[in-house]
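Please read this briefing beside the sequence and the structure.

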Amino acid sequence: MQKGLVHIYHGDGKGKTTCGMGLCIRAAGAGMKVLIFQFLKKNDSSELNIMRKIPDITVIDGLDSAKFVFQMTDQEKKDARDFYENAFESICDRIVKEEYDLLFLDEALHAVNYGMLPEERLIEFLKNRPEKLEVVMNGYHPTEALQEAADYISCISKEKHPFDRGIPERLGIEK
């Protein structure tokens, strides 16, 4: 059995989710069992349409009404926090029971930074995860503790992006 490692993709550049999804496809192509969960995103991003069709990849839906944290009321923040904490606990149980090989926690760093997922709980999970489980996380600003827990850290930095010129996200490219 191969020991699983922890990956972090972070930074202000485009492609963090794309990197994680690519690794999920590679793992499934090698016969590995993959679980994907997205924090702080709606369930409508285009990559999920195809991921749901790939054998050995399971996508767990997040909140259908996800929106930016700064747009949430205090009650919406509390409801989202409760949802994400419960979803994470369910994922932790499922990972063990169903013997997954790779877990992609898309936007987990944002969830931690915005108080939607307790960092201590995520660190505890990483330390006690099944030995073969590979874990991929992404977002902005990994904490020092998450950096310590990681085996791979890749920074994706923006040098130029169409959004800066007022070009909104495009279906199939950014969404």
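The model is predicted, so local features need pLDDT of at least 70 and side-chain atom pairs count only at pLDDT 80 or more, while totals for chains, interfaces and linings use all residues. Residues are numbered from 1 along each chain as its sequence is written, and side-chain values use heavy atoms, with hydrogens and water left out.

**Largest pocket**

- The largest pocket has a volume of about 1600 Å³.
- Lining it are 42 residues, and the closest to its centre are Lys-41, Phe-68, Glu-107, Glu-169 and Glu-174.
- A pocket is defined on a 1 Å grid over the protein atoms alone, as an open set of points where a 1.4 Å probe fits, with protein on both sides within 12 Å along at least five of seven lines; lining residues have an atom within 4 Å of a point.
- Grid points are joined across faces, edges and corners, and the volume is the space filled by probe spheres set on the points.
- The lining has 16 nonpolar, 11 polar and 15 charged residues.
- In this count Ala, Val, Leu, Ile, Met, Phe, Trp, Tyr, Cys and Pro are nonpolar, Asp, Glu, Lys and Arg are charged, and the others, Gly among them, are polar.
- Helices α1 (16–29) and α2 (46–51) each supply at least two residues of the lining, and α1 gives the most, with six residues.
- Helices (H or I, at least four residues) and strands (E, at least two) are DSSP runs, numbered from the N terminus.

- Lys-41 is in the loop between β2 and α2.
- Leaving aside neighbours within four places in sequence, Lys-41 is in contact (heavy atoms within 4.5 Å) with Thr-17, Leu-63, Ala-66, Tyr-84, Asp-106 and Glu-107.
- Between Lys-41 and Gln-71 there are 13 Å in space, C-alpha to C-alpha, and the two are 30 residues apart in sequence.
- Leu-40 also lies in the loop between β2 (34–38) and α2, and counts as buried at 18% relative accessibility.
- Buried means under 20% relative accessible area, exposed means over 50%, and partly exposed is in between (1.4 Å probe, protein chains only).
- Glu-107 is found in the loop between β4 (102–106) and α4; its relative accessibility is 10%, so Glu-107 counts as buried.
- Most residues other than glycine have a negative phi.
- Leu-40 has a positive phi, near 60°, and Glu-107 has a positive phi, near 70°.
- His-110 sits in helix α4 (residues 108–113) and is buried, at 12% relative accessibility.
- Not counting residues up to four places away in sequence, His-110 touches Leu-40, Asn-138, Gly-139 and Tyr-140.

**Helix α1**

- α1 has 14 residues and spans 20 Å from its first C-alpha to its last, close to the 20 Å expected at 1.5 Å a residue.
- The expected span is 1.5 Å times one less than the number of residues.
- The buried residues of α1 are Lys-16, Thr-17, Gly-20, Met-21, Leu-23, Cys-24, Ala-27 and Ala-28.
- Seen down the axis of α1, these buried residues fall within an arc of 155°, so they line one face of the helix.
- The arc is that of the directions from the helix axis to the C-beta atoms.
- Thr-18, Arg-26 and Gly-29 are exposed on the other side of α1.
- Among the elements against which the buried residues of α1 pack are β1 (6–10), β3 (57–60) and β5 (134–139).
- Just after α1 comes Gly-31, with a positive phi of about 85°.

**Helices α3 and α5**

- α3 has 24 residues and reaches 35 Å from first to last C-alpha, close to the 34 Å expected at 1.5 Å a residue.
- Its buried residues are Ala-80, Tyr-84, Ala-87, Phe-88, Ile-91, Cys-92 and Ile-95, and the buried residues of α3 pack against β2, β3, β4 and α5.
- In α5 (residues 119–128), Leu-122, Ile-123, Phe-125 and Leu-126 are buried.
- Seen down the axis of α5, these buried residues fall within an arc of 160°, so they line one face of the helix.
- The face of α5 turned away from the buried side carries the exposed residues Glu-120, Lys-127 and Asn-128.
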